[in-house]
Amino acid sequence: MMRDANSNEWLQMSHLWGANWCFVRGPLRGPFSVKLTTLSTGKALSARDVIPTNWSPKATYTSRLNFF
């Protein structure tokens, strides 16, 4: 799931392949937060503002959070 700037609503993303996810909606304003949830246990991890304000489509962004 993802949330854009000035929003409290988490929005569903679509899985493309591998570690690639897609969200088609606009206009989008960064920074973006990302939330991952396991299917097996329901455990969730949120990375706040992990994608910056000056984001670019198809770019790769790194977080220091690990999901086990």
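**Figure 1. Residues 1-63 from end to end.** The end C-alpha atoms of residues 1-63 lie 15 Å apart. This span is 0% helix and 37% strand. Both terms mean DSSP runs, numbered from the N terminus (helix: H or I, at least four residues; strand: E, at least two). The model is predicted, so local features need pLDDT of at least 70 and side-chain atom pairs pLDDT 80 or more, while totals for chains, interfaces and linings use all residues. Numbering starts at 1 along each chain as its sequence is written, and side-chain values use heavy atoms, leaving out hydrogens and water. An unreviewed UniProt entry annotates residues 1-63 as "domain: Expansin-like CBD". Such annotations may be inferred rather than shown by experiment; positions follow the numbering used here, and feature names are shortened.

**Figure 2. The open sheet has three strands.** Read across the sheet, and the order is β1-β4-β5. The pairing is antiparallel. Here, two strands pair if DSSP finds at least two bridges between them. β1 (2-3) and β5 (44-51) stand at the edges. Each has a single partner strand, so one side of each is left without a neighbour in the sheet. In general, strands of a sheet pair through backbone hydrogen bonds.

**Figure 3. β4 pairs with β1 and with β5.** Start with β1: its antiparallel pairing with β4 runs over two bridges. M2 has V34 of β4 as its bridge partner. Now turn to β5. Strand β4 covers residues 32-37, and five bridges join β4 to β5 in the antiparallel sense. Follow the opposite residues along these two strands. F32 faces I51 of β5. K35 stands opposite S46 of β5. T37 stands opposite A44 of β5.

**Figure 4. A hairpin links β4 and β5.** Six residues lie between the two strands of this hairpin. Find G42 here: its phi is positive, near 80 degrees. A44 belongs to strand β5. Is A44 buried, partly exposed or exposed? A44 counts as partly exposed, at 44% relative accessibility. The cut-offs are under 20% relative accessible area for buried, over 50% for exposed, and in between for partly exposed (1.4 Å probe, protein chains only). Compare positions with P27: A44 and P27 are 17 residues apart in sequence, and their C-alpha atoms are 27 Å apart in space.

**Figure 5. D4 is buried in the loop between β1 and β2**. Its relative accessible area is 13%. Which residues is D4 in contact with, leaving aside its neighbours within four places in sequence? They are P27, L28, R29, P31 and F32. Contact means heavy atoms within 4.5 Å.

**Figure 6. The loop between β3 and β4 holds V24, R25 and P31**. V24 is exposed, at 76% relative accessibility. R25 is partly exposed, at 46%. R25 and P57 are 32 residues apart in sequence and 12 Å apart in space, C-alpha to C-alpha. Next, look at the peptide bond from G30 to P31. It is cis, with omega near 5 degrees. Most peptide bonds are trans.

**Figure 7. D49 and K58 have positive phi although neither is a glycine**. For D49, phi is about 50 degrees. D49 lies in strand β5 and is partly exposed, at 38% relative accessibility. For K58, phi is about 70 degrees. K58 sits in the segment after β5 and counts as exposed, at 87%.

**Figure 8. The largest pocket holds about 1,400 Å³ of space**. A pocket is an open set of points on a 1 Å grid over the protein atoms alone, where a 1.4 Å probe fits, with protein on both sides within 12 Å along at least five of seven lines; lining residues have an atom within 4 Å of a point. How many residues line this pocket? There are 36, and the closest to its centre are M13, A19, W21, V34 and I51. β2 (14-17), β3 (20-22), β4 and β5 each give two or more residues to the lining. By type, the lining divides into 24 nonpolar, 10 polar and two charged residues. Ala, Val, Leu, Ile, Met, Phe, Trp, Tyr, Cys and Pro count as nonpolar, Asp, Glu, Lys and Arg as charged, and the others, Gly among them, as polar.

Methods
Grid points are joined across faces, edges and corners, and a volume is the space filled by probe spheres set on the points.
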